[in-house]
Amino acid sequence: MYRFMKLFSALICALPHSLQYAIGRVLGELCWLFLPPKRRKLAIGQILFCHITDDPKEARQIAKKSTTRFGRMIIDVLRYPEIKDGKYKEMFEWVDREYLDDAQEGGKGAVLMAIHSSNWELLGGILASEGYPLISVAMKQNGDADKFINEYRAIMHQHVTYKTGVREMIKELHGGAMIGLIMDQDPGDKGQLVPFFGYETLTPVGPAVMGRMRDVPIVPVTIRFDEYKEKYIVSAYKPFYAEHTDDKKRDTAVTLTQLNEWIEDYIRRYPEDWFWLHNRWKWTRRYYGGKIEVPPDPMKD
């Protein structure tokens, strides 16, 4: 698989852009076509569960767009050897970059909060290539996939760590690093219950806990593709600061609620960009003994 992906990448980099993304569109359609029915039902069910829409047909359209966008995402990553030396700058434009610059100039480090929306892999590559001291906390992949993706992340100057303990990353913050955390997925039984789309939902505590321990800004960052401009829009947002009283659990809950509200608002604005294929409420349902029901796909393929 590793050699195949390297060869495929070399082929993509040798092609004109129009053909690169034509292949990406085909890959995206294939992703939807061969998506397991169970996963498709999950995506559509979660869209209805979150009341993004109450129309099953519209929910299916959102789920399809959310899946087919992986075609462009794959092509963009395969293009890393082509774009690494500055050509990536032609692919995007900034919005409110000063929030990142201010955090960097503060010298205390920062937590960069991202979500699985649009091309989050390219977002990390852009931030690192633009000179921000980013350390991305990632989940280890299986076999050759892990070797390939980390080699390509390194091409874009991105440093990745598998550390999951909050205290282990505090040292990096102390040195002025920006810790990149994606906090929109199911954290398992280690999360804390706070509201998300109207439900008390197990939520990753990392950004809130680290922000509180080091009193550093939590800066949301996003990326989305603008079809009219044919460019990605990379946006930074006004930072959050964690609550800090004598009640750590309460402080964490307050901060996580604020962050979840921000994430929910963003997803509602750009629902086609979010990763609906992820089983976001899996452990929350276990916590409640299965009382939260995500409806099945009401559409037949």
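**Entry 1: what I am looking at**

I am reading a predicted model, so I keep that in mind for everything below.

**Entry 2: the nonpolar cores**

I began with the largest nonpolar core, which has 46 residues. I looked up the members that touch the most other members, and they are Ile179, Met210, Ile263, Ile267 and Trp276. Helix α12, residues 248-269, gives the largest share of this core, with 6 residues. I also noted another core lying apart from it, of 35 residues, with Tyr2, Phe8, Ile12 and Val221 among them.

I then picked out Ile263 and asked what it is in contact with, leaving aside its neighbours within four places in sequence. My list reads Met113, Ile115, Met183, Asp184 and Phe196. I see an aspartate, Asp184, in that list.

**Entry 3: aromatic pairs**

How many aromatic pairs are there? I get a count of 21. I wrote down two of them with their geometry.

Tyr88 and Phe92 are stacked, with 6.2 Å from centre to centre and 10° between the planes.

Trp274 and Trp276 form an edge-to-face pair, 4.7 Å centre to centre with 90° between the planes. Are these two tryptophans buried or exposed? Trp274 comes out at 2% relative accessibility and counts as buried. Trp276 has a relative accessible area of 0% and is buried as well. I had already met Trp276 among the core members that touch the most others.

I stopped at Tyr199, which is found in strand β7, residues 199-203. Its relative accessible area is 26%, so I list Tyr199 as partly exposed. Not counting residues up to four places away in sequence, Tyr199 touches Phe49, His51, Val194 and Trp281. Tyr199 and Trp281 are 82 residues apart in sequence, yet their C-alpha atoms are 9.6 Å apart in space.

**Entry 4: charges over rings**

I looked for arginines over ring faces and noted two cases. Arg69 lies over the face of Phe70, at 4.7 Å from the ring centre. Arg286 lies over the face of Trp283, and here the distance to the ring centre is 4.6 Å.

**Entry 5: Glu82**

Glu82 has its place in helix α6, residues 80-83. Is Glu82 buried or exposed? With a relative accessible area of 18%, and under 20% being the cut-off, Glu82 is buried. Its side chain makes a polar contact of 3.1 Å with the side chain of His17. Leaving aside neighbours within four places in sequence, I find Glu82 in contact with Cys13, His17, Gln20 and Lys87.

**Entry 6: cysteines**

My search of the whole structure finds 0. Cys13 is partly exposed at 23% relative accessible area, and Cys31 is partly exposed at 27%.

**Entry 7: Lys248**

I went back to helix α12, where Lys248 has its place. Lys248 counts as partly exposed, at 41% relative accessibility. Lys248 and Arg212 sit 36 residues apart in sequence and 8.7 Å apart in space, C-alpha to C-alpha.

**Entry 8: positive phi**

Last, I looked at positive phi values in residues other than glycine, and noted two.

His51 has phi near 55°. It is found in the loop between α3 (37-49) and α4 (56-68). His51 is partly exposed, at 49% relative accessibility. I recall His51 from the contacts of Tyr199.

Asp215 has phi near 50°. Where does Asp215 lie? I place Asp215 in the loop between α11 (206-214) and β8 (218-226). Its relative accessibility is 44%, which makes Asp215 partly exposed.

Conventions
Residues are numbered from 1 along each chain as its sequence is written. This is a predicted model: local features need pLDDT of at least 70, side-chain atom pairs count only at pLDDT 80 or more; totals for chains, interfaces and linings use all residues. Side-chain values use heavy atoms; hydrogens and water are left out. A nonpolar core is a set of buried Ala, Val, Leu, Ile, Met, Phe, Trp, Tyr and Cys residues joined through side-chain atoms within 4.5 Å. Buried means under 20% relative accessible area, exposed over 50%, partly exposed in between (1.4 Å probe, protein chains only). Helices (H or I, at least four residues) and strands (E, at least two) are DSSP runs, numbered from the N terminus. Contact means heavy atoms within 4.5 Å. Rings of Phe, Tyr and Trp (its six-membered ring) pair if their centres lie within 6.5 Å; planes under 30 degrees apart count as stacked, over 60 as edge-to-face and the rest as tilted. A charge sits over a ring if NZ of Lys or CZ of Arg is within 6 Å of the ring centre and within 35 degrees of the ring normal. A polar contact is a pair of N or O atoms within 3.5 Å; within protein, one must be able to donate a hydrogen and the other to accept it, and residues adjacent in sequence count only if both atoms are side-chain atoms. A disulfide is a pair of cysteine sulfur atoms within 2.5 Å.
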